[in-house]
Amino acid sequence: MTDTVLTIKLCEPDDTPLIVPMIQAQVAASGREAPDPDALAEIVHALLISQFSDFVLAQIGDRSVGVLQINYRLSTWELAAYAVIEDFYLTAEARGQGIGTRMLDYACARAEGRGAAFIQAAVRSGDRAAKRLYEAFSFSASTNDLWRSTLPLGCAVDFDAPETETSSEESHS
């Protein structure tokens with residue numbers, strides 16, 4: 001195998017060490033601190049074992065140049081299984097080479113093969129290249145915005161606290 005051969009593959013739990021640095025690079029490229037590699041490896045391995053997620057890896061020779069995560073969910077509104085693309089990252093050398101197109105094609109076929117009725121992806125508002133890629137696969141922008149809040153929220157109500165009843169004597173004192 002030469003150094004220029006591109007391979008797109010569905011990952012197994014043993015591929016966790018190949019996935020972790022790619023996700024770390026994606027997080028770092030977004031301006032956030034990359035997660036601890038050991039903790040990330042535990043999560044990736046658990047996702048691969050659970051069958052609730054697939055990871056697709058692109059390699060040129062023995063170098064990983066792309067990663068894509070597919071999560072599988074059930075919709076109560078659509079009464080159907082569906083897929084969500086997350087952690088789609090290409091190294092700088094892989095961009096503009098058609099590798100992302102091949103990875104997304106593989107991911108869509110995989111999701112369809114797993115019985116997904118539809119597939120969706122969250123795209124950053126300014127990522128024009130990603131939008132063009134998804135549009136080429138007939139994705140369209142949703143009317144929903146994805147919102148996020150870090151937990152705990154610090155809510156005033158402690159729903160786990162045991163209920164206490166105030167006796168009538170205490171309430172009249």
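Is Phe139 buried or exposed? At 16% relative accessibility, Phe139 counts as buried. The views below place this residue and others in a predicted model.

**View 1. The whole protein chain, from element order to confidence.** The model is predicted. Five helices and five strands make up the secondary structure of the protein chain. From the N terminus on, the order is β-α-α-β-β-β-α-β-α-α. The chain has 173 residues, and buried residues make up 31% of them. Its accessible surface comes to about 12,100 Å². Carbon and sulfur atoms account for 52% of that surface. Among contacts with a separation of 6 or more, 57% join residues 24 or more positions apart. The mean pLDDT of the chain is 89. A value of 70 or more is reached by 89% of the residues. Confidence is highest in strand β2 (residues 53-60), at a mean of 97. Confidence is lowest in helix α5 (residues 168-171), at a mean of 51.

**View 2. Two aromatic pairs.** The structure holds two aromatic pairs. In one of them, the ring centres of Tyr82 and Phe118 are 4.8 Å apart. Their planes meet at 10°, so this pair is stacked. Tyr82 belongs to strand β4 (residues 80-90), while Phe118 sits in the loop between α3 (99-113) and β5 (119-121). The pair therefore ties together parts that are 36 residues apart in sequence. Tyr82 is buried, at 13% relative accessible area. Phe118 is partly exposed, at 29%. The other pair is formed by Tyr134 and Phe139. Their ring centres lie 4.9 Å apart, and their planes are at 55°, so the pair is tilted. Tyr134 is buried, with 8% relative accessibility. Phe139 is buried too, with 16%.

View 3. Helix α4 covers residues 128-136. Its buried residues are Ala130, Leu133 and Tyr134. Seen down the helix axis, the buried residues of α4 fall within an arc of 95°, so they line one face. An α-helix has 3.6 residues a turn, so residues three or four places apart point the same way. The buried residues of α4 pack against β4, α3 and β5. On the other side of α4, the exposed residues are Arg128, Arg132, Glu135 and Ala136. Ser138 follows α4 and has a positive phi, near 70°. Tyr134, one of the buried residues of this helix, is also the ring that pairs with Phe139.

**View 4. Gln59, a buried glutamine in strand β2.** Gln59 is located in strand β2. What is the relative accessible area of Gln59? The value is 11%, so Gln59 counts as buried. Leaving aside neighbours within four places in sequence, Gln59 is in contact with Val5, Leu6, Thr7, Lys9, Leu18, Ser64 and Val65. Val5 is 54 residues from Gln59 along the chain. Their C-alpha atoms are separated by 8.0 Å.

**View 5. Gln24, a buried glutamine in helix α1.** Helix α1 (residues 16-29) contains Gln24. Gln24 has a relative accessible area of 18%. Buried means under 20%, so Gln24 falls in that class. Which residues does Gln24 contact, leaving aside its neighbours within four places in sequence? They are Ala34, Pro35, Asp36, Pro37 and Leu40.

**View 6. An arginine over a tyrosine ring.** Arg114 lies over the face of Tyr72. The distance to the ring centre is 3.9 Å.

**View 7. Two loop residues with positive phi.** Gln51 is not a glycine, yet its phi is positive, at about 70°. Gln51 is found in the loop between α2 (37-50) and β2. Its relative accessible area is 45%, so Gln51 is partly exposed. Leu79 is not a glycine either, and its phi is positive, at about 50°. Leu79 lies in the loop between β3 (63-75) and β4. At 74% relative accessibility, Leu79 is exposed.

Definitions and conventions:
Residues numbered from 1 in each chain as written. Predicted model: local features only at pLDDT ≥ 70, side-chain atom pairs only at ≥ 80, totals over all residues. Heavy atoms only, no water. pLDDT = per-residue confidence, 0-100. Helix = DSSP H or I, 4+ residues; strand = E, 2+ residues; numbered from the N terminus. Buried < 20%, exposed > 50% of the residue type's maximum accessible area, 1.4 Å probe, protein only. Contact = heavy atoms within 4.5 Å. Phe/Tyr/Trp six-rings, centres within 6.5 Å; stacked < 30°, edge-to-face > 60°. Lys NZ or Arg CZ within 6 Å of the ring centre and 35° of its normal. Areas by Shrake-Rupley, 256 points an atom, 1.4 Å probe, with all protein chains shown as cover. Arc of directions from axis to C-beta.
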